[in-house]
Amino acid sequence: MVESPIPEPAGRQSDGGSDASAAGAPAGPAAEPAALQREIAALKAELNEINARWSALYQIGVLLTRQMYGRAVLTQIVEQSMHLLRVEQAVLLELDPVTEDLVVRAVATAYGEEPLPVGLRIKPGEGLTGLAYQTGRPQMTDEYCTWNGRIPSAKANQTRAALAVPLAGGRGKVGALGVASLAEGRRFTEQDVQALELLAQQAAAILDAAAARRVEQELMVRSERRRLAQRLHDGAQQRVATMLLKIDRCQAQLHADQEALYDALNELAIDLQETLQEMRSLATVLHEAELHGRGLELALRLLAEQRAAETGLRIRLDAAALRRLRLSSQAELAVMRLAREALNNAYKHARASEVHIKIEQLATGAVHVSVSDNGCGIPPPKLGDEAPKVGLGLISLREQIGALHGEFGLNSAPGQGVTVWAIIPAEEIRDADTNLDRR
């Protein structure tokens with residue numbers, strides 16, 4: 001084996017011999033340190049990336065302890081998603097349980113122009129975020145700009161790699177979180193998916209906590225509204241209505257020579273009628289506030305859940321027809337009042353344990369509403385004005401439904417429960433516009 005000669009350092013003369021210290025040295029002494037430096041640099045970069053991910057999660061944890069219910073936390077999560085995955089845009093969408101749309105709640109962008117506007121509504125399955133929500137699994141594409149399912153926007157034709165994951169909390173799927181890059185050649189890795197899923201878990205926890213707080217506050221407000229409305233119904237309205245009945249009896253007993261007293265009683269009756277109407281209007285406003293901002297089906301579900309919690313009644317709601325129909329505001333109020341009145345009577349008077357609320361559309365296009373209980377039942381009463389012993393709430397309810405040109409009735413027999421029902425005419429109903437709230 002012939003060894004390659006090793007050049008002498010500058011300034012030294014070769015004496016024809018070999019340098020023993022260099023005899024066993026490997027070739028290219030600078031090659032190994034350079035490779036080692038590159039490996040160290042790669043490890044440092046990986047550690048810095050891992051540190052950045054955990055730092056983002058830590059910062060979000062701190063924010064959670066400071067402002068658990070603040071919408072600002074969602075914006076922070078979206079911004080952290082953008083910086084953590086080194087992309088130019090990120091977006092978070094939340095499910096609207098009433099319309100079942102996904103609503104853009106927070107957006108972050110590196111170039112100043114939002115990829116999607118806050119408040120935009122999309123349907124499950126639309127766009128990459130909508131698809132992630134619908135399937136319940138992460139979704140990604142390397143070329144969003146040519147992907148057939150993209151949502152048109154100012155930056156859609158420039159967007160390259162995109163990644164979206166569902167937000168899943170204690171209430172199930174509640175939204176989606178997505179990020180996207182404008183850089184050509186960018187590809188998302190499994191590690192990126194895991195990092196975004198961790199951030200999505202934080203966002204879902206915040207939405208769950210916010211929803212729980214809203215429900216708690218809403219129940220408090222609704223409880224106070226019901227208390228005031230019930231006081232009007234059971235207290236002042238009942239007393240005024242009873243006074244009107246007494247005046248009617250007094251007028252019927254007056255003789256012809258007592259005309260002045262008759263007129264005085266008549267004036268008093270008119271004043272009381274106006275007072276009663278004002279009370280009923282106030283009760284309607286209280287109930288209308290309960291319906292504001294939500295569909296009738298959801299309002300009935302909330303009413304049933306609240307009454308079940310308060311009374312122990314087992315309440316079954318069958319109102320799927322309302323998903324394709326939209327009643328007029330006055331018809332919705334009448335249905336809510338019918339359900340509330342029937343539930344109160346089932347608990348207070350019928351000693352029922354189960355109640356079934358059912359809403360269905362008839363072949364004529366009208367809507368049939370019924371509330372049936374398994375209580376002790378009553379003899380079928382007359383609901384006309386000549387039957388003062390019947391509950392005044394039912395009489396008033398009959399008048400309210402009559403004003404809609406609808407029908408109202410009560411079916412019962414001792415030991416066979418009670419069914420309170422109404423038919424709302426077709427002119428008070430239209431098909432639900434699923435895009436009504438979309439913008």
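Guide: Glutamate 259 counts as exposed because its relative accessibility is 54%; exposed means over 50% relative accessible area, buried under 20% and partly exposed in between (1.4 Å probe, protein chains only). This is a predicted model, in which local features need pLDDT of at least 70 and side-chain atom pairs count only at pLDDT 80 or more, while totals for chains, interfaces and linings use all residues. Residues are numbered from 1 along each chain as its sequence is written, and side-chain values use heavy atoms, with hydrogens and water left out.

Visitor: Where is the place of glutamate 259?
Guide: Glutamate 259 is in helix H5, residues 259-291; helices are DSSP runs (H or I) of at least four residues, and strands (E) of at least two, numbered from the N terminus.

Visitor: And H7, how many of its residues are buried?
Guide: In H7, 15 of the 20 residues are buried, so the helix is mostly covered. H7 spans residues 329-348 and reaches 28 Å from its first C-alpha to its last, close to the 28 Å expected at 1.5 Å a residue (1.5 Å times one less than the number of residues).

Visitor: Which loop holds arginine 351?
Guide: Arginine 351 lies in the loop between H7 and strand E9 (354-361). Its phi is positive, about 55 degrees, although arginine 351 is not a glycine. Most residues other than glycine have a negative phi.

Visitor: What about histidine 405, buried or exposed?
Guide: Histidine 405 is exposed, with a relative accessible area of 64%. Histidine 405 lies in the loop between helix H8 (392-402) and strand E11 (407-412), and its phi is also positive, near 65 degrees.
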